[in-house]
Amino acid sequence: MQISDTPFGTTDWSAIPTTEHKGESGTAYWRTQTFGSTRVRMVEYTPGYLADHWCAKGHILLCLEGELLTELKDGRTFTLRPGMSYQVADNAEPQRSSTATGAKLFIVD
């Protein structure tokens, strides 16, 4: 990731409109900002959320609240709790997310 042409700024996430994204089950609510080619999101998954696709996009993801299960297409699974993060490059290892309890995430991609 290379961040360029982005002056210093702050974001009041509570002022960013929410968009709804249905999963295979449950719903994800995104608040999204774009700075050049960098997308930054505050994402909330409802309890019982399961992504409806395998994602090959690279991310840096920080779990703020709840618990997130990340499954890689090769079968490995990882559980993130508040204060834990993961990072993955574009097209490196397809992954999908789910949560039994709900989760709030900060994602840069």
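Me: Over how many bridges do strand β3 and strand β10 pair?
Reply: In this predicted model, where local features need pLDDT of at least 70, side-chain atom pairs count only at pLDDT 80 or more, and totals for chains, interfaces and linings use all residues, strands are DSSP runs (E, at least two residues) numbered from the N terminus, and two of them pair if DSSP finds at least two bridges between them. Residues are numbered from 1 along each chain as its sequence is written, while side-chain values use heavy atoms, with hydrogens and water left out. Strand β3 (residues 38-45) and strand β10 (residues 103-108) run in the antiparallel sense, and the bridges between them come to six.

Me: Which residue in β10 is the bridge partner of Arg-41?
Reply: The pairing of β3 with β10 is antiparallel. Within β10, the residue bridged to Arg-41 is Ile-107.

Me: In what order do the six strands of the open sheet stand?
Reply: The edge strands are β1 (18-22) and β8 (85-88), each of which pairs on one side only. With antiparallel pairing throughout this open sheet, the order is β1-β2-β3-β10-β5-β8.

Me: Which residue in β7 stands opposite Leu-68?
Reply: Strand β6 (residues 68-72) pairs with β7 over four antiparallel bridges. The residue of β7 opposite Leu-68 is Leu-80.
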